[in-house]
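Visitor: Could you take me through one part of this model closely, then show me what else is there?

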2 protein chains.
Amino acid sequence: MAVYTDVTDDELAAFMSAYALPDVAAFKGIAEGVENSNFLIHTEDGAAYILTLYEKRVNPAELPYFLGLMRHLAARGVTCPLPIETRDGQVLQTLSGRPAALFSFLKGLSPRRITAAHCSGVGAAMARLHLAGADYPRSRANALSVGGWRPLFAQSAHLADAVSPGLAAEIDADLADLEARWPTGLPGGVIHADLFPDNVFFRGEAVSGVIDFYFACNDLYAYDLAILMNAWCFEPGFDFNVTKARHLLSAYGAVRPLSAEEIAALPLLARGAAMRFLLTRLYDWLNTPAGALVRPKDPLEYLRILRFHRGIEGAGAYGLG
Amino acid sequence: MAVYTDVTDDELAAFMSAYALPDVAAFKGIAEGVENSNFLIHTEDGAAYILTLYEKRVNPAELPYFLGLMRHLAARGVTCPLPIETRDGQVLQTLSGRPAALFSFLKGLSPRRITAAHCSGVGAAMARLHLAGADYPRSRANALSVGGWRPLFAQSAHLADAVSPGLAAEIDADLADLEARWPTGLPGGVIHADLFPDNVFFRGEAVSGVIDFYFACNDLYAYDLAILMNAWCFEPGFDFNVTKARHLLSAYGAVRPLSAEEIAALPLLARGAAMRFLLTRLYDWLNTPAGALVRPKDPLEYLRILRFHRGIEGAGAYGLG
């Protein structure tokens with residue numbers, strides 16, 4: 001949950017006056033997103049909007065990539081927050097000293113208890129997202145792919161064994177293996193890169209919306225799918241649920257068929273996807289000040305996921321083929 | 001801001017099925033209230049509701065007093081959250097193991113920058129609230145009035161000087177004076193007891209709603225007014241704004257005239273009102289664990305307010321008479 005920045009009455013009124021919208025009838029900070037401050041706005045006509053203030057972890061120079069992508073995807077039928085244009089055609093303004101944008105409100109609920117049906121829904125939604133983003137003209141490198149992991153680890157390595165004995169050596173060995181074997185030549189394009197259940201809305205078993213595109217970038221499609229599988233197919237005790245994985249992967253493949261090379265690469269990509277979240281969570285665990293508004297997540301959850309993928313024989317373990 | 005308890009899909013569906021309402025279309029944790037978890041619900045017909053889960057600081061045995069009061073006040077024209085009845089006529093259910101209630105959604109915005117016009121609005125709103133509550137049949141003692149302060153202080157006294165040198169002796173002397181001179185015989189009834197700007201919604205300069213009745217109790221009306229004056233009439237640097245106080249007190253008096261005894265007692269009541277928040281904030285300051293979701297507020301702000309009221313000659317300093 002996150003509201004890092006308060007907004008005064010005058011600042012809000014000045015911000016909203018740039019849009020061709022009715023007056024604001026209600027304004028509430030909401031517990032959505034961990035990187036930015038988010039507010040729900042109701043206007044006098046009963047419509048709802050989300051106001052996002054971009055806090056310091058988002059690079060303002062990258063906002064046109066993210067906002068343009070949301071408009072691009074929305075125009076191609078992907079239900080995602082649509083950045084609202086001001087009367088002057090702008091989607092980015094300044095509010096309380098921060099970049100800020102107003103978005104359409106998406107109906108739907110994030111699932112708390114994941115079912116196989118949810119996994120089918122989100123697998124197909126990711127494939128549609130990949131197809132819809134294929135002709136997006138901008139590009140953004142993925143700073144959190146294989147080339148970024150070692151520099152990231154270097155900031156935590158000296159403290160890793162204090163989190164869990166032997167962790168530093170285990171990460172080091174896995175990194176070496178991942179760096180040596182990371183696939184090239186697989187199909188890629190725009191990926192979401194953070195499609196956790198918090199970022200997907202459902203109405204019943206159908207996906208009604210996808211949010212939080214602030215890790216989106218250009219990378220391998222199958223890497224995005226590996227992130228997705230890790231986020232959706234492990235049970236609370238970190239047992240892998242092969243039924244959920246089969247639903248997720250086959251629903252994806254029904255919309256965008258996976259090549260034999262992509263399927264063969266999935267175990268390594270899934271290990272890498274686990275490494276990415278292990279490393280960022282480890283960094284946050286060691287660097288979140290006491291009293292912060294957002295509690296850091298346990299990095300060792302992703303160590304367990306990484307070990308699972310390291311230990312399997314091949315993609316057959318995911319229920320494929 | 002506060003969402004302490006997560007609610008699963010199944011739990012939410014079971015909870016909502018007790019009401020004669022359309023299906024849930026959206027469900028978001030909101031940053032409102034510090035004692036409880038609050039969620040905004042949109043139903044398929046576009047209506048909005050607030051769902052409150054009562055966390056451990058609220059005594060479940062007292063919920064009927066609070067919920068009954070809101071229904072009582074709403075029936076008398078005070079715009080406050082109306083507890084929605086289930087098909088069986090209940091206003092209190094259980095959700096995620098906690099008492100929970102569903103409320104009507106109030107339009108309006110809490111003011112961030114307080115103007116004299118806001119003070120007029122909230123002064124009149126408090127007087128209307130006092131009049132509307134006069135025939136509420138239930139009663140609840142105020143555990144945070146003069147009799148409760150010394151036991152509360154006893155839990156922090158040994159650490160008070162670590163917060164500010166000399167603080168323990170200063171509080172002790174003020175407590176003795178307040179206990180000796182606390183007024184009796186002034187008019188009383190149901191008071192809100194926590195009417196801070198966060199708990200009042202405006203549309204323009206008019207009050208559109210009052211929320212958060214979980215400190216409501218039976219006590220002196222003028223004590224509630226003293227809490228209000230402290231919360232609304234000090235500038236960010238803790239200078240007292242006599243113009244705001246005059247607006248607030250005269251707007252109150254225009255709806256419910258203040259007696260000469262109430263006016264004469266105001267400086268002592270305002271000192272006591274400052275003591276009440278100084279003591280609860282001091283306790284929270286010393287007892288909030290690192291990493292808590294809610295940051296404790298600075299107790300010394302209320303020490304400055306207490307000193308202001310201790311130093312004045314009489315209620316004339318508030319712009320009265």
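**A helix pair in chain B**

Guide: The crossing of α3(B) and α8(B) is right-handed. The model is predicted: local features need pLDDT of at least 70, side-chain atom pairs count only at pLDDT 80 or more, and totals for chains, interfaces and linings use all residues. Residues are numbered from 1 along each chain as its sequence is written, while chains are lettered from A and ligands numbered from 1 in the order in which they are written.

Now the geometry. Helix α3 of chain B covers residues 116-133, and helix α8 of chain B covers residues 242-255. Their axes lie 7 Å apart, at an angle of about 30°. The two helices are therefore roughly parallel. Angles under 35 degrees count that way; over 145 is roughly antiparallel, 65 to 115 roughly perpendicular, and the rest oblique. Axes are lines fitted to C-alpha atoms, for helices over the stretch in contact, and angles run from 0 to 180 degrees between N-to-C directions. Helices (H or I, at least four residues) and strands (E, at least two) are DSSP runs, numbered from the N terminus.

Next, the residues. On the α3(B) side, the contact includes A116(B), C119(B), G123(B), A127(B) and R128(B). From α8(B) come, among them, T243(B), K244(B), H247(B), L248(B) and Y252(B). Contact means C-beta atoms, placed from the backbone, within 7 Å. By class, this contact has twelve nonpolar, four polar and two charged residues. Ala, Val, Leu, Ile, Met, Phe, Trp, Tyr, Cys and Pro count as nonpolar; Asp, Glu, Lys and Arg as charged; the others, Gly among them, as polar.

Helix α6 (residues 167-181) and helix α9 (residues 260-287) of chain B have axes that come within 11 Å and cross at roughly 130°. That makes α6(B) oblique to α9(B). This crossing of α6(B) and α9(B) is left-handed. D174(B), L175(B), L178(B) and R181(B) of α6(B) meet L268(B), R271(B), G272(B) and M275(B) of α9(B). The classes are four nonpolar, one polar and three charged.

Chain B also has a sheet. It is open, with five strands in the order β1-β2-β3-β5-β4 and antiparallel pairing. Strands pair if DSSP finds at least two bridges between them. The edge strands are β1 (24-29) and β4 (93-95) of chain B, each pairing on one side only. Neighbouring strands are turned by 35° against each other on average, direction ignored. Inside the sheet, β3 (residues 48-53) and β5 (residues 98-104) of chain B pair over five bridges. Y49(B) stands opposite S104(B) in β5(B).

Finally, the partner chain. Chain A can be laid on chain B with an RMSD of 0.0 Å by a turn of 180° and a shift of 0.0 Å along the axis. That is the relation of a two-fold axis. The same surface serves both copies, as 100% of the contact residues of chain A recur in chain B. Superposition is by least squares on the C-alpha atoms of residues with pLDDT of at least 70 in both copies. Between the chains, 27 residues of chain A contact 27 residues of chain B. In chain A, α1 (9-16), β1 (24-29) and β2 (37-43) each give two or more residues to that side. The largest share, six residues, comes from β1(A). The side of chain A that touches chain B divides into twelve nonpolar, six polar and nine charged residues.

Notes: Contact = placed C-beta atoms within 7 Å. Left-handed = near helix turned anticlockwise from the far one by under 90°.
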